[in-house]
Amino acid sequence: MNAFLKKINWMTLLIPVISVVLGLVCGAVIMFAIGYNPLLAYQSIIESIFLQPYYGGETIRAMIPLVLAGLAVAFAFRTGLFNIGVEGQLMVGWFASVACAIIFGHLPKFILLPMSVVAGGAAGALWGFIPGLLKARFKVHEVISTIMMNYIALYTTAYLIKNFLYTEGERTPTIPQAASLSSAFLANLTQGSRLHWGFVVAIIAVTAMWFMLWKTTKGYELRAVGFSPDASEYAGMNVGGNIILSLTISGIFAGLAGAMEGLGTYQYMTINSAFTGIGFNGIAVALLGLNTPVGVTLAGALFAGLQTGGMTMQSNAGVPVELIQIIIALIIFFVGSGYVIKWAADRLKRKGHKS
């Protein structure tokens, strides 16, 4: 029995690795077919990330919101819920953190900065709480409600900026330095990248998710409810309360992702006419990372590396940067086709035994 479980675990771990390899191979075939050198393209990505401090810093900077968005999706998945509202929760978290920083800009840094970060997480929590309440009390499927909440967030934040925090450039004013996560030390260390102290928040969030789900009684309850709501209710657990709590915590992670963009990368928020895409990419990050904190971190690093390194791929190898999105889409496709990969691996193993 133990050997069987180990076999399943190893195969589960191999699927993301095989998916990444297949995605990169298919991407190379596409590059070669349209006349580009895939080896030069991938070489430029690797060299820029690991040998050029600027691109290394930008990769870590891009990881921060991706990892937090991935944690938001993964936390909900682990508790049996599909939170597609991470994009909206991220946007309200972004707005709340920037608004808090601007409104209370007279406060000292040791108060204003943590208060602004908390404001972002709290706004995301509220945007997660609402679909959680609808699910628990009225049986409204979270996929529908969270999708709708995305659009409400998009247009609500645009309205609030336009009417209350507007400045030239279709955006809010720049936040005061006392609320900023930017760092001259980190910028100098990475030759002028936008790397900021938000990576500390991401590390804390990864640790918090692991501890919460696997080291606490409440985490066990949340996972149990996701595994079997009926059995959990029979065992005396508050299923409705745990559903609300799960989506609220998921919203906190997403709201923090937005706060990191507002307080760290950009220092303001623009009026968005479309979604940022970070929240939706978080779904792919969680899927590739097997909904585990470590896996989400590694998947976030891969996606951030591909996106950042894609800029050098275009300048050094002439490959259009849009191909990076194709490669990412292929990786997601192969992860989603995990059953086929398992079937193929099983067939190969059987042939090996026969021979």
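Which residue lies over the face of Y268? It's R171, at 4.1 Å from the ring centre. These close-ups come from a predicted model, where local features need pLDDT of at least 70, side-chain atom pairs count only at pLDDT 80 or more, and totals for chains, interfaces and linings use all residues. Residues are numbered from 1 along each chain as its sequence is written, and side-chain values use heavy atoms, leaving out hydrogens and water.

**View A. Charges over rings: R171 with Y268, and K162 with Y166.** A charge counts as over a ring if NZ of Lys or CZ of Arg is within 6 Å of the ring centre and within 35 degrees of the ring normal. The charged end of K162 sits 4.5 Å from the centre of the Y166 ring.

**View B. W94, Y266 and Y268 make a cluster through ring pairs.** Rings of Phe, Tyr and Trp (its six-membered ring) pair if their centres lie within 6.5 Å; planes under 30 degrees apart are stacked, over 60 edge-to-face, and the rest tilted. The structure has 11 aromatic pairs.

View C. Y151 is partly exposed at 41% relative accessible area, and F275 is partly exposed at 22%. Partly exposed means between buried (under 20%) and exposed (over 50%), using a 1.4 Å probe and protein chains only.
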